[in-house]
Amino acid sequence: MNYCFCMIHVALEHNNASAFSSSSVPMEILRDYTEPHIQPRYDAAIETVSLPEDAIETIAHFQDKIARYLFEISCLSGLSDWLSRKTLPSHFFKYFQKAVNLYDESCQYFIGQLRRQGFSVRCEPGCAHCCCHMPTGISTPELIYLYYGMHQSGVFSRFFRRCLEAEEQWREVLKTYSDPAFCDESASIRESVLRSYHRLKHDCPFLQERLCQIYPYRPIVCRMHFSLSSPHWCNPFHFQNEHAVRFNLEPGEKIFEALQHLENRLRLKVSDIMVCGLLELSVNIMKFDEINWIN
Ligand code: SF4
């Protein structure tokens, strides 16, 4: 049985009209990271890896457990009207934390399996090339978890300011491509947007001294990216970049479904570009207030 490496999906949706909204620009342009100059190179040798049957079962077990935690959250009372009270059951936080920790554990398990087959993951603290140059996708439950993390950091306003700057840059890029002149059949708008954003060399607002400042609260998409080649090669401007061998460990269909189910229960639709979603949540919905957790 083979386990396939998949691509990160950064889905963009139309936003509700609000103080922070990106609905005036074409948002259906991004579905994944397939822009030719940005796409990680997949070495034919690792495109599919044969895992022993018991390892496949263990990974499936991880996925079931993660999905179960997320469904548990969906079943909690007090979700449908949480927006009016800015209050959530404390089990939301506990189960979500368990789910993301389990996801990290499942990635480590998979990496251990790779090691047995002679592939060694070379990612290390301080190497943050995957935190730069690309917009980060996020779901609503992750956004809430991250918003809580921003408050926990004690420097909410600093992060907020940096998100504002990042959103402005993102908006500028999108504005360019809402011009009909760019509706050229020869080039996909999505690819052009990604390429332009990429050229800005803009770090994630949460990156400081090459370290993620909200690491325990980071979105799933930030947890799934790995490199088998030298971390330096991940720098898009490194001369060996085109030879870098990277892969993403997607959480799997069940987990996406569970996240979607939870998102529906929360009745909150904001941008799924991290910085845009955070601004909408902070300004329009939470009005900078902290989330109240109740037992
Ligand atoms: S949230 Fe953290 S891990 Fe994710 S891109 Fe930003 S700095 Fe990197």
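Tutor: What follows sets computed values against their definitions.

Tutor: Residues are numbered from 1 along each chain as its sequence is written. This is a predicted model, in which local features need pLDDT of at least 70 and side-chain atom pairs count only at pLDDT 80 or more, while totals for chains, interfaces and linings use all residues.

Student: How do you know what confidence the predictor has in the protein chain?

Tutor: The value to consult is pLDDT, the predictor's confidence in each residue, from 0 to 100. Its mean over the protein chain is 81, and 80% of the residues reach 70 or more. Over residues 1-18, however, the pLDDT is below 50, and residues 20-46 likewise stay under 50.

Student: What makes up the secondary structure of the protein chain?

Tutor: There are 8 helices and 8 strands. Helices (H or I, at least four residues) and strands (E, at least two) are DSSP runs, numbered from the N terminus.

Student: Why is tryptophan 170 called buried?

Tutor: A residue is buried if 20 or more other C-beta atoms lie within 10 Å of its own, exposed if 12 or fewer, and partly exposed in between, with C-beta atoms placed from the backbone. Tryptophan 170 has 22 other C-beta atoms within 10 Å, and therefore counts as buried. This residue is found in helix α5, residues 156-177. Of the 295 residues in the protein chain, 30% are buried.

Student: Why is lysine 94 called partly exposed?

Tutor: Lysine 94, whose place is in helix α3, has 14 C-beta neighbours inside 10 Å, so the term partly exposed applies.

Student: Which residues does tryptophan 170 touch?

Tutor: Two residues are in contact if their C-beta atoms, placed from the backbone, lie within 7 Å. Leaving aside residues up to four places away in sequence, tryptophan 170 touches Pro135, Tyr197, Ile273, Val275 and Cys276. Tryptophan 170 and valine 275 are 105 residues apart in sequence, with their C-alpha atoms 9.0 Å apart in space. In the protein chain, 79% of the contacts with a separation of 6 or more join residues 24 or more positions apart.

Student: What makes a set of residues a nonpolar core, and how many residues has the largest one?

Tutor: A nonpolar core is a set of buried Ala, Val, Leu, Ile, Met, Phe, Trp, Tyr and Cys residues joined through C-beta atoms within 7 Å. The largest has 51 residues, and those with the most contacts inside it are Leu70, Val275 and Leu278. Among the helices that each supply at least two residues of this core are α1 (53-74), α3 (90-116) and α5. Apart from it lies another core, of 5 residues, including Phe110 and Phe226. In soluble globular proteins, nonpolar side chains tend to be buried together.

Student: Is helix α8 largely enclosed or largely open, and how do you know?

Tutor: Of the 12 residues of α8, 9 are buried, so this helix is largely enclosed by the rest of the structure. Among the buried residues are Met274, Val275 and Leu278. The buried residues of α8 pack against α4 and α5.

Student: Which residues are around the ligand, and what makes them nonpolar, polar or charged?

Tutor: A residue is near a molecule if its C-beta atom, placed from the backbone, lies within 6 Å of it. The residues around the ligand include Cys131, Thr136, Phe206 and Arg218. Ala, Val, Leu, Ile, Met, Phe, Trp, Tyr, Cys and Pro count as nonpolar, Asp, Glu, Lys and Arg as charged, and the others, Gly among them, as polar. The shell accordingly divides into 7 nonpolar, 1 polar and 1 charged.
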